[in-house]
Amino acid sequence: MAVAAAGLAFAGLLIPTPGHAATAPAGGPRPGTPARFVPGPCPETPEPVPGRCGFLEVPENRARPGGRTVRLAVAIIPAVSAKPSADPVVFMAGGPGGDAFGDMPFVIGAGVNRDRDLIVMTQRGTLYAQPNLACPEIDRFYAESVGLRYDAASTGRRLVRATEQCRGRLASEGVDLSAYNTTENAADFADLRKALGIHRWNVYGYSYGTDLGLTYLRRHPQGIRSVAIDSVVPPQIVSLPWTWDSAQEGINTVFAACAAQPACRNRYPNLSRTLTQQVRRLEAHPLTVMARPPAGGAPVKVVLDGGALVNLLVANAVPAVDVPAALDELAHGDPERFARARAAGATPVIGEFAHGLTQSVACSEWVPGYSQADLLAAGRRAFPGWPDSVLAQAPQLPFQHEACRVWNVPDRTAVQRVTTVSNVPSLVLSGTFDAKTGARWGAYAARTLSRSTTVPIPGIGHWVVPQSPCAASVLTSFLTRPTAPDTRCVAGLTPKPFTIVPAREKS
């Protein structure tokens, strides 16, 4: 099953997800009141919500009693089973800034609501919440950026200008940007459980939703029966330098899988060397080509430099099975696969992704404490021989230090970079091809989850469950028996065969 680009903020920024923008619930923010759930109509989503809806009303900033409230859209999707279990599953989407309602078809398609009701809530600041921290200014920048050098200083200045414009607009509307963080996000879910009168529930989150889920488990352990985390972002470790470690692991695992398949190994030897050569070549001499977006439409101008190439790989914009062929074609003068993947970014849905939440979380929780020199050093360790101009930008979060200077929210690392220690039964799922949240970080997070089961899924990238029937069955089994899930299907899994194309002469 193809999964739309989503997940940790780095997933949504370069390759915006096709979809539809929408408006938030009616009515403006009101003075602060205790959290409450108010039944209401479901948002008008591209696929109708197969359940009942309402919104959770909570304080915008719990440290400021009497302040404004925010409204978070909630959907309750009934279990497929005629005799469902009493403990539902609550879903935590990726991002930060992703559309939880847009993820709903993937979660339902994976059978997460087979035996239990599924509860989906928009995180504060995201689509269908009020206020919505969408940044059309940044969406428009990303649409234009496909025709710019990825890591040029002039591109960074455009991004910072768009970020500053969005911040100014949101601040002028009275939004307290310091209140859009993982601590408040976790408290929203704790309030939701109480407002719905649920005694116990199960948590399933992916990507940033694992950062949120682990924070929620640490700060609000009451009422949690089990926690499943998919494509793991450990809150105590996530930072800009960390992104290079994950990129290295995911990319190198794809190359190792090719080397393990004789046909791929013989046709595409030395992939690491090929990638380094192409990153260096494109960074020194960027290609400018016309490419048609995968979703259709007129061709657009696309610039492929070294940074763009790397970030397309990290974003899984070219399917992993096609990566060796795409790199070989690029080395022989045919950039079409990468150019079309880059062109996908030219048609974002304006207002769908909440870049404002991304910035508030990244700038308060991920960026502080590490300098740009630290980021460059991490890149050099991960990929020695690559140009510094590529390694100076965090994968999927370019020019983030500069953007954070204009976003200007308080440092929250003291309360957020904390290890979660718990004996709540936990399932830890990771895809071995994940270059956004490397698979080894799942095992890392599991070290302090004493009743955890760690399951790496071979040949899968970011957000495992919708892409792997085996992972979906493991999750279902875990929800039934959290301390003894059935993981037998994993033993027979291997990466799919890689695409083999005829050899060609170098142009």
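Trainee: Which residues of helix H12 do Ala308, Leu309, Leu312 and Leu313 in helix H10 meet?

Mentor: Those four residues of H10 meet Phe338, Ala341 and Arg342 in H12, where contact means heavy atoms within 4.5 Å. This is a predicted model, in which local features need pLDDT of at least 70 and side-chain atom pairs count only at pLDDT 80 or more, while totals for chains, interfaces and linings use all residues. Residues are numbered from 1 along each chain as its sequence is written, and side-chain values use heavy atoms, with hydrogens and water left out.

Trainee: What makes H10 roughly perpendicular to H12?

Mentor: The axes of H10 (residues 306-314) and H12 (residues 336-343) come within 10 Å and cross at roughly 80°. Angles of 65 to 115 degrees count as roughly perpendicular, so H10 is roughly perpendicular to H12. The axes are lines fitted to C-alpha atoms, for helices over the stretch in contact, with angles running from 0 to 180 degrees between N-to-C directions. Helices (H or I, at least four residues) and strands (E, at least two) are DSSP runs, numbered from the N terminus.

Trainee: Why does Ala446 count as buried?

Mentor: Its relative accessibility is 9%, and buried means under 20% relative accessible area, exposed over 50% and partly exposed in between, with a 1.4 Å probe and protein chains only; Ala446 therefore counts as buried. Ala446 is found in helix H18 (residues 440-446), and, leaving aside neighbours within four places in sequence, Ala446 is in contact with Val428, Ser452 and Thr454. From C-alpha to C-alpha, Ala446 and Val421 are 9.1 Å apart in space, although 25 residues separate them in sequence.

Trainee: In what order do the nine strands of the open sheet stand?

Mentor: The order is S1-S2-S3-S5-S4-S6-S7-S10-S11, with mixed pairing; two strands pair if DSSP finds at least two bridges between them. Strand S1 (36-40) and strand S11 (452-457) stand at the edges with a single partner strand each, so one side of each has no neighbour in the sheet. From one strand to the next, the twist averages 20°.

Trainee: How many bridges join S1 to S2, and how many pair S2 with S3?

Mentor: Five bridges join S1 to S2, which run antiparallel, and Arg36 stands opposite Glu57 in S2. S2 and S3 also pair in the antiparallel sense, over eight bridges, with Phe55 opposite Ala73 in S3. Strand S3 (residues 69-77) and strand S5 (residues 118-121) are antiparallel over four bridges, and the bridge partner of Ile77 in S5 is Leu118.

Trainee: Why is S2 described as largely enclosed by the rest of the structure?

Mentor: Seven of the eight residues of strand S2 (residues 52-59) are buried, so the strand is largely enclosed by the rest of the structure.

Trainee: Which residues of helix H2 are buried, and what covers them?

Mentor: In H2 (residues 100-109), the buried residues are Ala100, Phe101, Asp103, Met104, Phe106 and Val107, and their cover includes S3, S4, S5 and S6. At the start of H2, a side-chain oxygen of Asp99 reaches to within 3.0 Å of the backbone nitrogen of Phe101, and H2 is followed by Gly111, whose phi is positive, near 80°.

Trainee: Where does pLDDT stay under 50?

Mentor: As the predictor's confidence in each residue, from 0 to 100, pLDDT stays under 50 over residues 1-32, for which the model has 113 contacts beyond four places in sequence. The protein chain averages a pLDDT of 93, and 93% of the residues score at least 70.

Terms used. A polar contact is a pair of N or O atoms within 3.5 Å; within protein, one must be able to donate a hydrogen and the other to accept it, and residues adjacent in sequence count only if both atoms are side-chain atoms. Angles under 35 degrees count as roughly parallel, over 145 as roughly antiparallel, 65 to 115 as roughly perpendicular and the rest as oblique.
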